[in-house]
Amino acid sequence: MRTLGEKFFLTTPIYYVNDVPHIGHAYTTIAADVVARYKRLEGYEVSFLTGTDEHGQKVLQAAQELGIQPQEHVDKLHSRFKELWSRLNISNDDFIRTTEERHKSLVRDILQQLYNRKEIYKDSYEGWYCMPDERFWTEKDLVNGNCPECGRKVEKIQEHNYFFKMGQYQDWLKAHIRSNDKFIQPASRRNEVLGFLEKPLGDLCISRPKERLPWGIPLPFDQNYVTYVWFDALINYISVHGSLDDIKKTGFWPANHHLLGKDILTTHAVYWSTMLKAIGLNPALNLFAHGWWTVNGQKMSKSIGNVVEPNKLVDQFGVDAIRYFLLREVPFGMDGDFSHKALIGRINSDLANNLGNLLNRTINMMIRYHDKVVPEPTSLDEDADLKNEFRKGIDNVHKLYDDLTYNKILESIWLLVDITNKYIDKNGPWNLVKSEDGKQRLATVMYNTTECLRVISILIYPFMPQSANTMVKQLGIECSVEDQGLGSLNTWGGVKPGTIVQPGSQLFPRIEDKEAEKILSTIESSAEENKEKSLIAKTEGICDLVLIDEFMKIDLRTGKIIEAEKIKKSKKLLKLKVDIGTEVRQVVAGIAECYEPDQLIDRTIIIVANLKPAKLMGIESQGMLLAASENGKIVLAGFDSEPDKGIRVR
Ligand code: MSP
């Protein structure tokens, strides 16, 4: 065990403020929280940082669409992340926003210092620019003429810009990665970065002309430019500690871990490490790139309607079940698939049946056999095997934290849960209570079981802080997990005999089959609704130009609504029968909030007649009707006078 007060600094990426927080964001933040809580238990002084990335093109565009100033926009949006972190019991010590003065002033300072030292220079530049990603690419980077990262169109841009001399650090960076095994984890990602560094490393364009992008931090030496959003954002990891002088004094540098997703490893391993080298600071000790979550095998996307929102999960399953599931289900570093079914499975088996039941039966036996009072063990020498298994388990957990193998940590803890359950079964307190000799042994068994649970509560605490402290309370232990600390795992016997257990509610209630079915079917229908919403929303975006023959491929026709009815369980959808002259089509339309079925009968509308049929809420839709939608109000497209059915509209 280590000395008290040593410093430990770890970070999550700062999230784009425009994004709706989803399980991908929650994943990194929970993973970081687990380490932060564990390190605090160990006695470290921890600084755990998260925050929001608030500059750049996308924020500006979104604010313009809303007709508000970008600052007002980000002031509103950033709190979605703050609120989610508080619901998920994230124990971050600070929350940085890149629009805060403390951040902007350090970005300016670093830029000025690097400029003065000629690490930054101005040059003319011609390249392919991906507007949504805000990144330049060379001709050879492009894939089929499109952005290699997002596949979208790129624009050829020629302009003057400022460059950071990143290329000069290539050899140093390669050597640093090679001589520091744990600098980039997992090893497969480390090899990818080394592979990337086999090609010559160019300099980094770190400015954007203000006339093209006014929403950013102005360069201190040229007000016509703002700072490239990544150069700005990465500095958050030190701006949170103050000035460059401050950070050297705080003891929080180098960061122990930057946790991040695999998609942003290059920016951290290459841009950030070379920036730090130029600034005169050491790189972080560890960059851990985790994998990506898909949902039922698909990428999370609004248009598929499958974005998993952590707030909803917390409402439905409780915060600790989510924290547990995300880190138990998939090895950190690998891609994983999220399914509500798998989540329910884990809640029932690992949490309710194994851990919850262990606590429950222990407390019940304590009530039944010892009148709620934890007995004095008759002998401390008995049950050496049990104590050895626990010692091994605890040591193993400590070791596994070095490589952030969260799933294995949880596996090891659950091995201890199993061992305790088996210890009870083997000793059979229900038989021991029957004889005087047995009662002596019973006292030791009940004491040891309580001590096992105390140890387990401390070990699960970083993952499930709320449940861990509930366990401690139910066991009647006066000291919270935080106050006991990891040091209390060094000796067997932390539970004081005489402690009175406090029966409480089930730690993790089982989700019965019927309820599970109901939950899964509601989730399915809300995914369908989201899909519909997003189909409608898509028509609201600004579209690319199309050629006339492309437009003519869309078969728009007049149709008369002959039947209309509401769809059960859906607030938004109506099922219509539309006569388009040659046939009657079934159309599912998201207009239920603005039209009553009766109002629609005999109305002539326009439908897209050659749209591939799709199922919404399990009902086939054989076309789509045209409507305008503004602020949730939907108005059907129509005509001055009534045309016949089945007329082509152009
Ligand atoms: N703003 C930058 C980071 C700047 S750090 C100096 C950014 N933001 S982000 O909001 O797009 O992404 C933040 C993190 O969320 C990344 O680590 C990314 O990998 C992670 N994820 C986004 N979608 C994800 C999944 N579907 N699954 C797991 N993580 C994912 O990039």
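Burial to start with. Of the 650 residues in the protein chain, 53% are buried, where buried means under 20% relative accessible area, exposed over 50% and partly exposed in between, with a 1.4 Å probe and protein chains only. This is a predicted model, so local features need pLDDT of at least 70 and side-chain atom pairs count only at pLDDT 80 or more, while totals for chains, interfaces and linings use all residues. Residues are numbered from 1 along each chain as its sequence is written, and side-chain values use heavy atoms, with hydrogens and water left out.

Next, confidence. pLDDT is the predictor's confidence in each residue, from 0 to 100. The protein chain averages 92. At least 70 is reached by 95% of the residues. Look at residues 540-544, though: pLDDT stays under 50 there. For that stretch the model has two contacts beyond four places in sequence, a contact being heavy atoms within 4.5 Å.

Overall layout. The C-alpha atoms fill a box of roughly 95 × 70 × 40 Å along the principal axes. Take contacts between residues at least 6 apart in sequence: 74% of them join residues at least 24 apart. The secondary structure comes to 22 helices and 26 strands. These are DSSP runs numbered from the N terminus, helices being H or I with at least four residues and strands E with at least two.

Now the sheets. Two strands pair if DSSP finds at least two bridges between them. Six strands form an open sheet with parallel pairing, in the order 3-2-1-12-13-7. Strand 3 (94-97) and strand 7 (184-185) are the edge strands, each pairing on one side only. Strand 2, residues 45-53, runs parallel to strand 3, and four bridges join them. One to find on screen: G51 has I96 in strand 3 as its bridge partner.

A second open sheet has three strands, order 9-11-10, and its pairing is antiparallel. Why is one side of strand 9 and of strand 10 left without a neighbour in the sheet? Strand 9 (207-209) and strand 10 (218-219) stand at the edges, so each has a single partner strand. Strand 9 pairs with strand 11, residues 222-227, over three antiparallel bridges. There, P209 is bridged to Y225 of strand 11.

Then the hairpin. Strand 18 (residues 574-579) pairs with strand 19 in the antiparallel sense over six bridges. K575 stands opposite V588 of strand 19. Four residues lie between the two strands, and G581 in the turn has a positive phi of about 90 degrees. Strand 19, residues 584-589, is mostly covered, with five of its six residues buried.

Last, helix packing. Two packed helices are described by the angle between their axes and the distance between the axes. Axes are lines fitted to C-alpha atoms, for helices over the stretch in contact, and angles run from 0 to 180 degrees between N-to-C directions. Under 35 degrees counts as roughly parallel, over 145 as roughly antiparallel, 65 to 115 as roughly perpendicular and the rest as oblique.

Helix 14 (residues 384-401) and helix 17 (residues 436-460) pack at about 5 degrees, axes 12 Å apart. They are therefore roughly parallel. Residues of helix 14 including F390 and I394 meet residues of helix 17, among them C452 and V455.

Helix 11 (residues 310-317) and helix 12 (residues 319-329) cross at roughly 120 degrees, with axes coming within 7 Å. That pair is therefore oblique. L313, V314 and F317 of helix 11 meet V319, A321 and I322 of helix 12.
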